[in-house]
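Biologist: I have some questions about how the labels on this model were reached. Could you take me through them?

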Amino acid sequence: VTELLKREDSDISVIILTGSVSDEDEVMALENGVDEYLRKSISFAVMLQRIERILEFKQFKPKNDIILSSKAEKIEINQEERTVRKKGKECHLTFLEYDLLVYFLKNKSKVLTRVDILINVWKVEENISAVDPRTIDTYVKNLRLKLNIKSIYSVRAVGYRWNE
């Protein structure tokens with residue numbers, strides 16, 4: 001049960017309604033991320049108020065995936081606003097440069113082949129042979145220059161990896 005309750009990156013609220021009178025059960029549940037622990041002796045009106053409070057709190061809680069960042073490169077991306085900041089200063093990227101940077105930051109430490117990048121950034125799936133995969137090299141070079149990035153490593157004959 002405790003493994004199911006450990007949900008650090010989840011937006012799901014967990015409310016336990018129980019007949020247990022054990023304080024140890026309540027402490028264990030709260031230590032493992034339960035948002036609310038209610039005992040069955042609770043009135044219906046109070047239970048509704050507690051649920052509404054949780055829903056209001058979760059609604060205004062910032063989502064982790066809106067902001068992407070690289071501490072090593074001092075880069076922050078706000079995906080909702082489509083903005084990129086390097087050391088607090090806004091940087092202007094082309095549409096594909098921005099999407100490529102987002103893809104790298106979402107896939108830190110993974111080797112990304114040129115074909116993966118074409119499919120996920122360029123959205124080329126059907127006629128993939130019509131696009132030269134070496135085009136990606138030019139975009140990576142431009143990203144490195146514009147943002148002075150040292151974290152994008154070339155993986156010979158394969159593609160790239162963001163090392164941080």
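Predicted model: local features only at pLDDT ≥ 70, side-chain atom pairs only at ≥ 80, totals over all residues.

Biologist: What makes the pair Arg-39 and Asp-23 a salt bridge?

Modeller: Their side chains meet at 3.4 Å, N to O. A salt bridge needs that nitrogen within 4 Å of a carboxyl oxygen, so the pair qualifies. Arg-39 sits in strand β2 and Asp-23 in helix α2, 16 residues apart.

Biologist: Why is Arg-39 called partly exposed?

Modeller: Its relative accessible area is 25%. Buried means under 20% and exposed over 50%, so a value in between is called partly exposed.

Biologist: What does the salt bridge between Arg-114 and Asp-137 tie together?

Modeller: The two side chains meet at 3.0 Å, N to O. Arg-114 lies in helix α5 and Asp-137 in helix α6, so the pair ties together parts that are 23 residues apart in sequence. Both residues are buried.

Biologist: How do you know that the buried residues of α6 line one face of the helix?

Modeller: Those residues are Ile-136, Asp-137, Val-140, Leu-143 and Leu-147. Viewed along the axis of α6, they fall within an arc of 125°, so they line one face.

Biologist: And what span is α6 set against?

Modeller: With 13 residues, α6 reaches 19 Å from its first C-alpha to its last, close to the expected 18 Å. Next comes Asn-148, with a positive phi near 50°.

Definitions and conventions: Residues numbered from 1 in each chain as written. Heavy atoms only, no water. Helix = DSSP H or I, 4+ residues; strand = E, 2+ residues; numbered from the N terminus. Expected span 1.5 Å × (residues − 1). Buried < 20%, exposed > 50% of the residue type's maximum accessible area, 1.4 Å probe, protein only. Arc of directions from axis to C-beta.
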